[in-house]
Amino acid sequence: DGGGLPMRVNEDNDSTIYMTGTVHMLPPDVQWRSPRLDKALKDSTELWLELPMPTSQEAMLRQYGPMMMKHMMSFNRPLSSLLTEEEKVQLAAAIERAKLPPNTAQGRDMMKPWAVTLMLGVGPMIASGFDPESGIDINIAKMAEEQGDAIKGFETFEQQMKMLASGTEEEQLAALRAAIAAPPAAADSMQETSEKAFEGWARGEVEPVEKLVADMRTGSAAESGLGAMSVEVILDNRNEDWAGQIEERLKGSGTSFIAVGAAHLVGPTSVQERLKLRGIEAQRY
C-alpha cells in the first residue's frame, strides 16, 4: 500500500471516516506521510485526535500549563520526603541513566510520583533524538489547521490528566519504586522495544506496536512503562469509549479523519475490534 502509516476507512451512505495511528514523538528525519494519507486528510473537513491539540509544544504549555501544574505537582509533599535514603540513591541513578537535565532536579522533587515515573520512561527516548515536535499527531494537526479543518478531541485535556494521575499516592510510589529498582537492562530493553515500535509504525509496520502492547499487558509495572495505570485504564476503556463516539459520528454525514495513538489500533481490544462488536467494519485503506 505504498508505505506510510497503516490506515483504515469506515464508510456508509453519507459519511466517511479515515483512521490512522500516531506516535507522540519521533526523530525529525523519519518519514511517515504518504499520498493516501495526504488525500484522506485533504478530503476531510474535521480532524479527531485524542485531545483537541494545539499545534506546538509552546501553545500546548500556554493553554494547558496551569492544569498540568495542578495534576503533576505536589508542593506540600516533596518526593524526597516520601523516599528512603536507599530509594533516593536509586532515583538519582535512574535520573542519570534517563539523561534527564540536572537543572530540573528541584522541580522534579515537587512532582507527584507518577509524573517522575513518566519522565524516567520518556527521557531516554528524547535523549536519543525522539522529538515531540516531530510527533505524528501534532503534525497532522498542523496540516488540518492549514486547510481550515475543525480540530476535535475524543477527550479533554483534564480527563487525560486525571487518568494519568488517578493512582493513589501509595500506588504511584509503588510504580516509581519498581521503575527505579528495575535493572538497567530492563529499562534499555523497554526503550529499544518502544523506539522500534514507533519508527516501525511510521513505516507502516504493525507488528512492533502489537509486541509493545502485548509486553505492556504481560510485563511488570516497571517493564510496561505504565506506572500505576493498568492497560485496561489507558487502552481498553478508552477504546470502548472512542468506538461509541465514532459510531455516533457515522450517524452524521461528511468526511472525518481520526488520528489516535497507534497502541489503540492493535490487538484484540483495539478501536476497530470495538467497532466490529457494533457491526461496523473498518476496511484497510
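In this predicted model, the axes of helix α5 (residues 113-127) and helix α8 (residues 169-181) come within 8 Å and cross at roughly 30 degrees. Axes here are lines fitted to C-alpha atoms, for helices over the stretch in contact, with angles running from 0 to 180 degrees between N-to-C directions. Helices are DSSP runs (H or I, at least four residues) numbered from the N terminus. The angle makes α5 roughly parallel to α8, a label for angles under 35 degrees. The contact (heavy atoms within 4.5 Å) brings together P113, W114, V116, T117 and L120 of α5 with Q172, L173, A175, L176, A179 and I180 of α8. These residues divide into nine nonpolar, two polar and no charged. Nonpolar covers Ala, Val, Leu, Ile, Met, Phe, Trp, Tyr, Cys and Pro, charged covers Asp, Glu, Lys and Arg, and the others, Gly among them, are polar.

A cavity is a set of points, on a 1 Å grid over the protein atoms alone, where a 1.4 Å probe fits but cannot get out; lining residues have an atom within 4 Å of a point. Grid points are joined across faces, edges and corners, and the volume is the space filled by probe spheres set on the points. The largest cavity has a volume of about 30 Å³, and W48, F154, Q245, I246, R249 and I258 line it. Helix α12 (residues 231-251) gives the most to this lining, with three residues.

Residues are numbered from 1 along each chain as its sequence is written, and side-chain values use heavy atoms, leaving out hydrogens and water. Because the model is predicted, local features need pLDDT of at least 70 and side-chain atom pairs count only at pLDDT 80 or more, while totals for chains, interfaces and linings use all residues.

Methods. On a 1 Å grid over the protein atoms alone, a cavity is a set of points where a 1.4 Å probe fits but cannot get out, and a pocket is an open set with protein on both sides within 12 Å along at least five of seven lines; lining residues have an atom within 4 Å of a point. Helices (H or I, at least four residues) and strands (E, at least two) are DSSP runs, numbered from the N terminus. Angles under 35 degrees count as roughly parallel, over 145 as roughly antiparallel, 65 to 115 as roughly perpendicular and the rest as oblique.
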